[in-house]
Each structure stands twice: as C-alpha cells, then as structure tokens.
Amino acid sequence: MFHTEEESIVTMINHIAQNNVSAGSESEVADIVENHITKFWSRRMKKILAAQLASGTAEFEPAAKLAAEQLSAKVNVSA
Amino acid sequence: MLQHFDPNKDYGTPASLSEKMVTLEIDGVEITVPEGTSVMRAAALHDINIPKLCASDNLEAFGSCRICAVQIEGRRGTPASCTTPVDAGMKVTTQNDKLAKLRRNIMELYISDHPLDCLTCPANGDCELQDMAGAVGLREVRYGFDGNNHLDAPKDQSNPYFTFDASKCIVCSRCVRACEEVQGTFALTIDGRGFDSKVAAGQDEDFLDSECVSCGACVQACPTATLMENSVIDMGTPEHSVTTTCAYCGVGCSFKAEMKGDQLVRMVPAKEGDANHGHSCVKGRFAFGYATHKDRIKAPMIRDSIDQPWKEVSWEEAIGFAAKRLKEIQAQYGRESIGGITSSRCTNEETYLVQKLIRAAFGNNNTDTCARVCHSPTGYGLKQTLGESAGTQTFDSVMFSDCILVIGANPTDAHPVFGSLMRRRLREGASLIVADPREIDLLSTPHLGNSTHLPLRPGTNVAMVNALAHVVVTEGYEDKDFIASRCEGDAYAKWREFIIEERHAPENVEEITGVKAEKVREAARKFATAKNASIYYGLGVTEHSQGSTTVMGIANLALATGNMGREGVGVNPLRGQNNVQGSCDMGSFPHELPGYQHVSDAVARARFEKVWGVQLDDEPGLRIPNMFDAALSGEFRAMYVQGEDIAQSDPNTQHVEAALSALDCLIVQDIFLNETAKFAHVLLPGSTFLEKNGTFTNAERRINRVRKVMPPVAGKEDWEVTVELSNALGYPMNYAHPSEIMDEIAQLTPSFANVSYDMLEKHGSLQWPCNDEFPMGSPIMHTESFPIGDEGKALFAVTEFVPTTERANGRFPLLLTTGRILSQYNVGAQTRRTDNQAWHDEDILDIHPHDAEERGIKTGDWLGITSRAGQTVLRARVAERMQPGVVYTTFHHPGSGANVITTNNSDWATNCPEYKVTAVQVEKVSQPSEWQKNFQDNHERQNEFLRGAASSADAVK
C-alpha cells in the first residue's frame, strides 16, 4: 500500500515499467511506458509525475525514469 | 427449410437441429420437418395442436401423461406423439373417436384426484390442466372423489416467492425436468412410487432448505397451480405484458413484465430472449420488489452541507441548485474541478448523455464509470491484443465448446442463466477446467464428466496462464496455420521467445501458484487438443494488480491454440453489471469517446465537435481514484454520480469517504439513499429499469430494448434529468425520446452505425459491430480479421508476471478474496430490499477448517478481520471449499465494511482495484469495529435527515 498521491503516481509508473520489463531494452520499455501515460493519464497525473521527477527524491525504476524524462522533455518543447 | 415459429406458442418438444428433412402426413396434411422432430412438434408447427400435459418445448419429451396419444398407420396402439419421432411417409391421425375417448379417460383419472376449485384457483384462466379438460371434452368424473386422494396434501410456503401446493400436483415431472434440463441444479425429484409418487425438493425438505436456487424454471414449467408465484396468488392473473431486459447481471435476460394496470404482477422469462431463451434466475425472475419499496426516493432534495437535514424541493429548484453550484465551483476552481460518473446499471442512452454532459457542458474529460472497478482491464487487454474491447462470442456459442476453461469466474452465482447453459454443455460431455482459488459450484455440476480444478493462490493468474501457454508451445500444440494467417508475426515471435523460457514451465511456477505441475500440464493439453476450446473469465481475473496482463495472457492462449473466430471458442469476459459493456461502449472512460475512439484522435474528435457544437479536450480526464485523490488535495470540488454507489463499492472505504466529504457539491441520482448519497448535497430521484425506455448491452455485445412498464416514481426517467441539468448549465440538449439519443450514438459510433430502435424492434436484439460491414450485427467476432493494425492481425502480448505487493506475512498471514453470491447483486441496494434476504441477509467470512482450528474459530463466531487498510467484523463460516491460507467474503451489505479492509492497490494499466488480494489476520472478537460503529451512527443520522425532509414536505402540503 502507498499513502500519498505523489507516492502513488511514482508507484504506478514503476508498476507500468515492471509489467513491461520483458518488452525489450530499457529504452523500448521506456517508450511503452511513455506511450501508456500519454494515452491514459490525466493532465493532473502528468503534472504530479513531472514534479516528482523534478524533485529528484522519488525512487523511479530506470525505464520509468527515462519515460518520465521523455515526457517532461516533450512538455518543455511544446511549452 | 427455415421454420418460422411463434415464441408465445409451446410446440411440445424441442426443435431438431438436423438439416435432413422428412415429409409425412398428419391428418391428411403433408408436412416437411427436420429429421428427429417429434410428431407432436411437427403437428404444432402446422397448427395441429395435439393435447398435452407433460410436454413442453423447453424439455426433452417424457411421455408420461399419454394424453398426446395419436394413431399411426401401420403401427400398433396409440403412441405418444411427444416421444415419437417423425418418419418419412408416416401417416398420423391426431383426432378420432378412439383417441378422444382415450384422452377423456386419462383426464378423468387426473381430475378425480384434483381439487375442483377452479373459480378460486390462482391459475384460473392460466391452467393447462383446465385447458386440456376443455380440449378433450371432459364432462363427468365417474369415479367420484371419495376414494384415496391427495386433496389434503400440505402446501410448502417456505420459498418467499412461490408456493408449492401438492394437492394440485399431477406428477407430470415437468418441474423436475426443468430443474434438471433447464436449470441444471437437480434439486427436485419424484419421491415414492405409484399412488404415493410426489414431487420432493432435496431430501424431502422444504424448498427453501433444499438445494433449490429459486430460478423459477419449475414454476414456469408447472401446468397447474401446484407451483405458483405468490404475487399471482395475491394479485390475480396479469392482464397485459411488456417485453423488456433485466437490470441485474451482464447476461441481459429478456422478460415479459406481466402487469395489472401499472402494477407489476410477475416477471416471466421471454422464450424469444436471445440471451436467455426463456430461462431466468432468482434475481431477474423474482427480485423486482425494490422498484416499489418504501425506501425509494420520490422527490428531489437539496442541502448546503452533509451535516444538515435534507430539504425536499421541486425538480426545477434541485436542478437549478445543482447547476448554480457547478458553475460557481468551475468559476472559482477551474474547468477541471468538476466531473462525473456514469452508471453501468443505467441505459446506453443515459450513459451516453452523462459523458456528453461532462465533455460538452462541463468542458472536460473527467468522466468515469463503475467498469473502472470491474472490467477496465478487459477493455485494455482485449483492445491491445484483439483490437476490440469486448468478448468475442454469443452465449449460445458455449454449446459448441468441447473444453471450457473458466478463470476467476463463478457463473452459477454471478451469471446464473449462462451458468445453466454452461452446465447443459458440460452434461453433454464438454470438459471443464477451473482456475480459481475456491472450489466453485460449477465443479459440482451433476453429471459433470472430465473436470480439472487448478486451485491457484490469489494473485497468481498471470503465472498460471503463462504456464498453460508454455505447455502449449513447448509441447507442440500451437495452431501454426492460424498463427501464420491471423496473427502479426513480429509480436508472435517476441511472445514465443518469452513464453518458452523455462521459468514459465509448470514445474517452476508450482511454487508461485501452489498448483501441481502435472495438473497444469494436463489442463493445458486438454485445452489445446480440444476441437473447440473456449475461455470464460470474470472479476477474479480483472480485479488484480496484474488484471490487464492476465486478460492479454488469456487472449494469447486463445490465439496460440487457434481458438478464435468461430462457434465454441473465443475469449469471453463475463461482465458484472447489466450494462457494463454498454457503459464502456458509450464513452464513459476518461480517455475514450463513444465507440472507444481516443480523445486524442483529432478526426474522431472533430466529428463529435461538429455534432455537439463544442470544442473537446484532447487530454484524458480523471479516473475515479484520481477524482478521490484530487478531491482530497482540494483541486476537485464537485461530482455528478448517476446510479453508482462508490462509497460502498470502491476499495479503501475510509479514503473514499474522506474524498466525498471533501467535495463542495456532490450530486447523486439514485433510486435509494445509497451510501454515496449520504455524502451528497443534491439527491435526484432515479428511475428503475421498469420506469424507462432505452437499451442495455450485455456481455455478448447484444443490444436489447428496455421498455417502460410503469411511470417513474418521481416523474422523470434518468435521461430526462441529465438533459435538464445540461440545459440549466447552458449547454442545450433536446431529445424527445431515447430513440433520438440512439440515433446520435449511431451517427458518431462506427460500431453502432446501423443500430436504431426500428432495427431493434425488427430483429429483437443486435450484437455490435452493426454497421455497413456487418449490417445485421456480429454474433461471433474476428471471423476473418481483427480490427487492429494495418493488416487486421491479432497481436500477441508479452505477459510478464509481476507479483502483487500485497503479500501475506507474519502480521497478515491470510489472503482475503471477495466475490458475489447468487441471491444478492453487487452492493445489494436492490436485492437487499427484496425477499432475497431470505438466502443471504449478511456477509460472512469463509475460512478453511485448518485456519479456523488454528485460531479456535467455529462457524458463527464473530471475527475481526484486519488488513493494512483497516478492520471490520464479520461472522465466520468454516468452509471446505476454501484452500488453507485464503479467506473469502461478499460485499453485498454496506455495514459489513468489506471494502474497509481492501487496499488501494490496483491494476497497473487501468487502476482497477485489487479486490481479490488483501493480506489479513482474523481473530475472534466480541464487538463491531470502530468503522462499523461510526457507520451505524451515520446511517441513522442520514436516514433521520431523510425522514425529516419527507415530513416537512408533508407539513407544507
């Protein structure tokens, strides 16, 4: 069980990465995770994810972190 | 030859499926029928109606009453027409003096031991015995009535819904055969011999105490008043009927609502119902009393705070109050600060309107539905692999299955009418594999042949499905032709490489699942070598942290063995509520517009924007759990909930209650003051399925009409309320009838393009996709290609098993799994307000004898059940059907607090809660939990607020 919303968002992205771990290399898994979040997560969830990434304190799985970075980069570019 | 038949007529014996035709002569008329047809049916098809008592066309011929005797040229005696199959060139006489005398003599014997109280009998005017006495011209009973008889035989009134009056029984065995052949329970028998023969339930017990499941098949079959609905005994026979669709489970049975004026006398399963073919269960058949229960909300109500009493107001004031609040909140906190939840119990048209209201009038995608907490992984997993978020078959398809694999489903309790059909196929010889922690009733099917139970540990479905697939591939059972022609090559190659890894071998998975490797191998071989193998699954698959993975693993298994695209095979999610499929189809999810068109799809969005006249958000909105989190953070302030009780049904109750308490405005539209409504500021009266027009879509994608049989208690159908709320918000909606809403759905949803009320009237029901490509609908999907990718080829998915983080340990050594029971439905709001309470008036904790003994627990003890999320108290039942280490309960009673202990773990892809795995400890206690005490206090306070509103309204009047 997780407790805060921030913790749950990090748990969720890690969970997505873990469940797709056999899909290929870390970068391939990250692409799947990124695509999943783009497709299914709300604006608010993505915002919390970006904040958690920026905080530098959240414990991300490597592929999850890469996906979060890719998502943040896209947001920054479009911004 | 196509036989046109009248569903309201009983043809005496079942239809023959033979394609070979036979021509014979009956009463000088030349008749051609399929080989195997009985003489009785052949005659009836041509409107030559031979008298009958023990025959019915939903039962195999029995030949006991002999009243259907005929004469056949060249044959001796007077054979029963029900048990005599037609023969080429046969010449049959159905009526002459000899036959007339014989029939009269038989009837005379029947009537000599039957009460002559026709004028006061509840079956008066609806009695086959009475009809036949008239048909054979019975005018006297020469034997008198003074001899030994059964006229004083006692009544069995133990069942709350029907009475068994043995004095009226003619021992035709129709009830016994209906229980066996239609329902498959075998609860009834003929006890004794000769004059002492009588119908007996169980071991000569009361009906209520026997194995009888009160499906009503015996009542339906009875040709006299022996088995009669109590409602008919009380109210008399109905005078008109309306065909509609049941609002309980995802089977979607058709019923004739038989009425007297606007009063519902009884629900009779419709023979022409494409999903149920005249069968029913205790819920659909009998549990309709909630519609007129005193607890119904009959007037709109408002209040400023949930600590205040309700104020009964006009519709106009309530809608105005709600709209004003929503606008103010959006003005202050932003467009995304409000949202809503559609209902899987409401019609397609109502669900469509609620999501339209949210997307168009609220201006965001914060719409979700109760499918989030049940079958959202089905939507995800099947879309990823097969390209469509739906089951692939008809229910009837199971009759062509040679091997049936049931994973995490309990059809005889949760989808009873389909469970009976499945049992029929199992009696015919299909083999059964059940993967479930519990020994479900399907495994006790009378006359079940080859069956395998894989009693896996909760949370290990993915490991099990992978192990089955591993055996299929490594032992060479793959359907290589199917894979080569129907599946995408790269995805298959990747999956194959994954699945042949030794870690998926049953021997290596045994430690995870707890199931012996050889048993898994045997099951895999059985599945893979069957000519037609089908998979049925339920919430025991989806409600896990890996629910979506298991769904994809199931699709992999079907694809690898080529069990797709024809009768008897396929992947079949058994949907929980009546319109779960429909609510998903109608765009209830935050990321999808109706027809599963993603909100980011600019082309699809443009079509909706053009028809709806607004610009739509291209980002997914909040899911239900996100709404709760956002409410607690203060960013989400208002919610419109139609026909869904999130406070009872969603996991981690304390979290849900805190979120609902944090809202500035909660608008609940429901038929009762449900648990969610106790946190509401606006309570809008809902309408039951009996009070509205619309459609439901069942688990086989069948769109069925819901027809209004009585006026809504508060004057409005649910869709009308949504229209008024939308108009009050300034977004105009103008519909005069739900058919117009369906026309708009068809215009915007490619899979519904040809659906209209006219088409539904014409065809009875339609299975989507129903469009120019499939003008008459699609009973079996994916026959030629899959709606996925450029080439229409199915995609194998790599299904990694990631164990749940919710694990048993020293502190919480047992795993709790939750489920349903036959007599109650979901949160119980409907069935708890019926006599179904006779079977299940409280939720019980089932525990294995070993675990019980270790803790000194006996059946009936009060148990404290503690998880990482909370504690509740339930009574114990020591049950062999459990495996050691696993406990089980239902969640039909809100005071049980089953979801106080479930956690907020959820499926990785969809956030469907992990209801099926909660680590707990149980111990004997002597008082309710703190949550239960608080629940009871709040329950009494909120009901007092409700009573206050009604009495103040009365005072004003």
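User: Which residue is the bridge partner of B:Met301 in β26(B)?

Analyst: In this predicted model, strand β13 of chain B covers residues 301-302, and strand β26 of chain B covers residues 682-685. The two strands pair in the antiparallel sense over two bridges. Within β26(B), the partner of B:Met301 is B:Leu683.

User: Which strands are the edge strands of the open sheet of chain B?

Analyst: Seven strands of chain B form this open sheet, with mixed pairing. Their order is β14-β13-β26-β25-β24-β15-β16. An edge strand pairs on one side only, and in chain B this holds for β14 (311-312) and β16 (367-369).

User: What angle does the direction of helix α9 of chain B make with that of β15(B)?

Analyst: Helix α9 of chain B spans residues 348-362 and packs on the sheet. The strands of chain B that α9 touches are β15 (338-342), β16 and β24 (638-642). Relative to the direction of β15(B), that of helix α9 makes an angle of about 170°.

User: How far apart are the C-alpha centres of domain 1 and domain 3 of chain B?

Analyst: Domain 1 of chain B comprises residues 21-95, while domain 3 is made of two segments, 301-374 + 579-767. The distance between the C-alpha centres of these domains of chain B is 55 Å.

User: What is the radius of gyration of chain B, and why does it agree with a compact globule?

Analyst: Chain B has 957 residues, and for that number a compact globule would have a radius of gyration near 30 Å. The value for chain B agrees with this, because it is 29 Å.

User: Which helix of chain B gives the most residues to the side that touches chain A?

Analyst: The contact between the chains involves 24 residues of chain B and 17 residues of chain A. By class, the side of chain B has nine nonpolar, ten polar and five charged residues. The element that gives the most to this side, with four residues (chain B, 624-633), is helix α22.

User: What is the radius of gyration of chain A, and why is chain A as compact as a globular protein of its length?

Analyst: Chain A has four helices and zero strands, and its C-alpha trace spans about 35 × 30 × 25 Å along the principal axes. For 79 residues the globule rule gives 12 Å, and the value for chain A is close to that, so chain A is as compact as a globular protein of that length. The radius of gyration of chain A is 12 Å.

Methods. Residues numbered from 1 in each chain as written. Chains lettered and ligands numbered in written order. Predicted model: local features only at pLDDT ≥ 70, side-chain atom pairs only at ≥ 80, totals over all residues. Rg over C-alpha atoms; globule rule 2.2 N^0.38 Å. Pairing = 2+ DSSP bridges. Contact = placed C-beta atoms within 7 Å. Axes fitted to C-alpha atoms, helices over the stretch in contact; angles between N-to-C directions. Domains from an automatic or database assignment. Nonpolar A, V, L, I, M, F, W, Y, C, P; charged D, E, K, R; others polar.
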